Amino acid sequence: MAKNVNLKKLISNMTLEEKVGQLIQLNAVSFSDSAAEITGPVQKWGIPAEWINKMGSTLNFSDANEMITIQKKHLENDRNGIPMLFMMDVIHGYRTIYPIPLGLAASFDPELVYECSRMAAKEAAAGGVNVTFTPMVDYVRDARWGRVMETAGEDPYLACVMGATQVRAFQGSDLSDKENIAACVKHYAAYGGAEAGRDYNTVELSERVLREYYMPAYKACIDAGVKMIMPSFNSLNGVPSIANKWLMQDVLKKEWRFDGVVISDYNALGELKVHGIAPDMREATKLAFANGCDIEMMSNGYYEHLCTLVREGVIDEKKVDAAVMRVLKLKKELGMFDDPYRGADPEREKALALSPEHRAIARRAASESAVLLKNNGVLPFSKDVKKVAIIGHFADNNEIKGFWACHGKNEECVTVAEAVRAKLPNAEVVTAYGCAPLWNDKSTEGFAEAIEAAKNADAVILCLGEPQTYSGEGNSRADIRLPGMQEELAKAVMAANSNCAMLIFNGRPLVLTDVNECPAILEMWFPGSEGGNAAADLLFGDSVPCGKLTMSFPKHVGQCPIYYNHPNTGRPKWTAEDVHQAYASNYIGCGNRPLYCFGHGLSYTKLDYEAMELSDTKMSAEKPLTVKITVKNSGSYAAKETVQLYIRDLFASTVRPVQSLIAFEKIHLEAGEEKTVTFTVTEEMLRFYDASCKHVSEAGEFVIFTGYADHKYKEAKFFLE
Ligand code: GLC
């Protein structure tokens, strides 16, 4: 079927069953060759072969070969010759894995995010992927939630930038280009607002907070042209997203005019029964379809009930035709009617995976995502060091790719020990496990060996964290400290040798309070295939840390949810951080501030913010404000720095955050170099949602500052007229 396929005519020739087939997505095992292998939905739901041949898309297949096999068999059996769509979670890499999105966002480098996403798109397209369930742009404030690892953190503006960048990178300018794949923004909406940070839990948020914080990034992705959207599992203000009229119809279709494909999350229709919203799959089908769900992923509502509902006149077949049209239009845009196998190419898939060029991108991304939380001067270590002790679960462990690492393999990740040995061929590198990073493993039998190794070393690298299975989907934690006996191990090792730096491998902000006396702490996230090399580059000064946190690190889990852009309250705490203040908004025994806040990240060089100049002390919609910030590298290392610009709206009709990031720019400074960054502040950047959810700016006084949350390097005031 050629490029100019007439979709209307095609649909008019399809039976109702064939149309509904286009709206069903089953996992790849459903299309396996041998009946013996057929498990899962086909067996569970008793779907006959003639239906299987009608299915419009699949997910979670293994590679280009499998895509080609399934597509070929499908086309031999599909009366209309409509190719299937092949979808996958290519979240932070297909086979060459770069840092988890919470880490990559810390690079504050949209160009780097673009480059990584392009690499993933090329590898995935060669692997037969047509659509990726990316970007995940859920806004978050609670580190107990395991899926914070997939997000850009607690700032809505940054989430918009990172989400839209990924959409543009994956989709390119022409979706028929076989190196581009369609993107699917998720999880619409406010999945990250789960109560108590517990995955899939209830979300109750005002429309104003939704519009101000939780929803802008989905809209930014739609404005960037995303082809698909995935509603979230959670109930939002009492109604699960997939059945939520306000969310799916009033906002998505009418207000935002989204005309792409809506795909449910995995069995989200089936979960409507569990939520108690639908008594059975017939009602779940009615609800989901009525609210615009085009493709049902991995549940049997549309298979069992959609044809009947049409034949009973409950659902208008024209609406089915419209849903099918959206799906077929995407297939046509992808060029699948011309080439159903599109970019699938086993040889190219193999050649691209972990190629030197791709490993180099992953290494740079891992380096620029790392955040130097603390450094009393022990870093960078000298390369002349004779004996290095690398201690902890992650010392020589390749499980650093993260929870959503697609086809990435642990064994293809470079460990810290491997990397240090490669960098220091003449040094003696000793590793010691110390203890397990498991919440219920209290064993200290590895301590003696670890302490001995530390005592005998010139430099000690602690490699601690949480297993990659402690974050990601379904993996929430009520206690977000270093699990197991790692805190005790760290203290014992630090006591044995003070020339010690700590690397943290994690999928969320952790409570590091009890190990914070370590002279240097480098946040590595789950850095992916080149994590060990990036860590060694940073530890020994071949690269200079430049990451900035995009999510607050609490002092105590009891502070969660904790975020930098919080309102002031009527009784803000004025006393010193560790002094409880009576009748104020604070805790006994714990301050309000995080241990490390949004925007924090150190360098090896000394960066001085010399000046901040405003073009005027007042601005208006007609007359934007120009802000010039001069930064000098007064140290001895060339370095990158993210210049951050914040405002505070001092008085407005609704409470405003004590600070909001409105712009940032990452610059490179040679040692001794000085640069001036110029920002333009427009009236639109000062808008917010007022009590009636109108997007407005209000005249009045603003504070503007550079630095990072709560740390003002330079500040000034201006008036919006
Ligand atoms: C999962 C996730 C979603 C993912 C989908 C397909 O349950 O919630 O993010 O894209 O299923 O794997």
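Me: What makes the largest nonpolar core a core, and which residues have the most contacts inside it?

Reply: The term stands for a set of buried Ala, Val, Leu, Ile, Met, Phe, Trp, Tyr and Cys residues joined through side-chain atoms within 4.5 Å. The largest such set has 132 residues, and Tyr-188 and Tyr-302 have the most contacts inside it. Its largest share, eight residues, comes from helix H7 (residues 110-126); helices (H or I, at least four residues) and strands (E, at least two) are DSSP runs, numbered from the N terminus. Another core, of 92 residues, lies apart from it and includes Leu-379 and Ile-521.

A friendly note on the source: this is a predicted model, where local features need pLDDT of at least 70, side-chain atom pairs count only at pLDDT 80 or more, and totals for chains, interfaces and linings use all residues. Residues are numbered from 1 along each chain as its sequence is written, and side-chain values use heavy atoms, leaving out hydrogens and water.

Me: Why is Lys-409 called partly exposed?

Reply: Buried means under 20% relative accessible area, exposed over 50%, and partly exposed in between (1.4 Å probe, protein chains only). Lys-409 has 34% relative accessibility, so it counts as partly exposed. You will find Lys-409 in the loop between strand S12 (387-391) and helix H18 (416-423). Leaving aside neighbours within four places in sequence, Lys-409 is in contact with Arg-95 and Lys-401, contact being heavy atoms within 4.5 Å.

Me: Which residues of helix H10 are buried, and what covers them?

Reply: In helix H10 (residues 216-223) they are Ala-217, Tyr-218, Ala-220, Cys-221 and Ile-222. Their cover includes helix H8 (156-171), strand S5 (182-188) and helix H11 (245-255). After H10 comes Gly-225, with a positive phi near 95°.
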